Amino acid sequence: MKDLQHHKVNYLNQFKERTYGRNLLKSEDLFDAPSEECGIFGLYSDKDLDTFSLSQFGLFALQHRGQEACGISVMKSGKIFNIKDEGLVLDVYKNIREPETFMGNSAIGHTRYTTAGDKKKYNFQPFFAKNEYDQIILSIAHNGNLTNAEELKKELEAEGVVFKATSDSEVILRLIQKNLDLGLRGAIKATMEKIEGAYSVVGMTRNKFFAFRDFHGIRPLILGAIDEKTFVAASESVALDAVGAQYVRDILPGEIVYTSENEKGLKSFLVKENCEKRICAFEYIYFARPDSVLENINVHEIREKSGMKIWEQAPVEADIVIGVPDSGVPAAIGFSIASGIPFRPVLIKNRYIGRSFIVPTQEMRERIVNLKLNPILSEIKGKRVVIIDDSIVRGTTSKRLVKILKDAGVKEIHFRSVSPPIIAPCYLGIDTPSKDDLISANMSVEELRSYLGVDSLEFLSMDNLKVILGSSNHCFGCFTEEYPVPAGPNPDYTDK
């Protein structure tokens, strides 16, 4: 038990010094892991701050939510300054030649994952609107996906609104801009009453800050405070930790938090009372950093409990338990605690690999897997191994992992997924393959076991997932094909 505690502490501590890698093996294959759209961060104070550094720290903590692009908007002396570019957070900030330009009293930021659609710079966030004097008057950063974006865009274009990008996030911007004569709170309320889907948003005008969340709270949005004059809103609590903010609470579904010119502090307004919380279950299974807390639930504890629960559900005799780094490790520790089978961190990651290599042949692409993860042969040769992973999407990387273990001389392989089978795509802010490419939508568990070439295969049941999460008040759409909101006429309209 002492060794397990040591592994747990080391596992969590490593993310304080480097970005969270989720599942390194899956990053090789574009569609063999669900991909989060983005992470958002917002900061507001009555006083001037080093918003350049604080926004950088907050976004770096959210780097796992998107690696393609990063951007910030800063409010300074009644003006908004914006910069966004392709690349990782630290790369984008490194290229800002005059950091003092981005030091003010408020900042919002965005780190973006690009879907299969348009990767051009005009889709990078934050989005901003200008007045007739070419001054930025409004800027927002959005995490999620609108299911009625195309319909709303056509309505706005018919009214003469000109769009600069192809992302659904700009629809939110233009609706707020259009309704600003209602006041900021009124403009946001009118926008929320029009848009459908999943959205967590942070934004600013030239003198106000705001954040709001959809009526089901599908995507996370956390509120914190550095002091009584300085507030933070972010996708995950780790961003609060990164800037020295204390967790206050999660922003409620259907809630707007905002500042006012005439009153100090942060105000709150519920557009709709008694909204049903339906935060995405996959945030706990895969997306969020393990040291995050979402809706007062510790992510690492959920993942550890999932390993315990799948042992109860599908026990097996084995010699060691291993987890696919990084996201499978907490569940492997939990499985070990419940079963008494030793946990061993035998899959060694190369910490210096970033994006995928560009190689011309399939043979060479296969070898990349061993550059990213390599097993300690002496720990597993001739052993019966339980491999714990967060999920199986297309199955191709799981199959490669099994091959790595077999080549290392493993005697038996028992595969455990600590999520239920993924049988449906997501329309609410996650980039998943079509149903035709989801292996569990097209194979039985026995057929998939045979395809992977393992001795046994089990998925965490839906009932057990609900037990672990403590309620049924989550979005389980990718497991059940039942969503909190309708998919809409064109569910693929996002970042295209």
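Me: Leaving aside neighbours within four places in sequence, which residues is Cys478 in contact with?
Reply: Contact here means heavy atoms within 4.5 Å. This is a predicted model, where local features need pLDDT of at least 70, side-chain atom pairs count only at pLDDT 80 or more, and totals for chains, interfaces and linings use all residues. Residues are numbered from 1 along each chain as its sequence is written, and side-chain values use heavy atoms, with hydrogens and water left out. With that in place, the partners of Cys478 are Phe282, Pro421, Ile422, Ile423 and Ala424.

Me: Is Cys478 buried or exposed?
Reply: Buried means under 20% relative accessible area, exposed over 50%, and partly exposed in between (1.4 Å probe, protein chains only). Cys478 has 12% relative accessibility, so this residue counts as buried.

Me: Where does UniProt place the feature "binding site"?
Reply: UniProt positions are given in the numbering used here, feature names are shortened, and annotations may be inferred rather than shown by experiment. The record is an unreviewed entry, and it puts this feature at Cys280, Cys426, Cys475 and Cys478. They span 199 residues in sequence, yet no two of their C-alpha atoms are more than 10.2 Å apart, so they gather at one spot.

Me: How many disulfides does a search of the whole structure find?
Reply: A disulfide is a covalent bond between the sulfur atoms of two cysteines. Here, a pair of cysteine sulfur atoms must be within 2.5 Å to count. The search of the whole structure gives zero. For Cys475, the nearest cysteine sulfur belongs to Cys280 and is 5.9 Å away, and Cys475 is in no disulfide.
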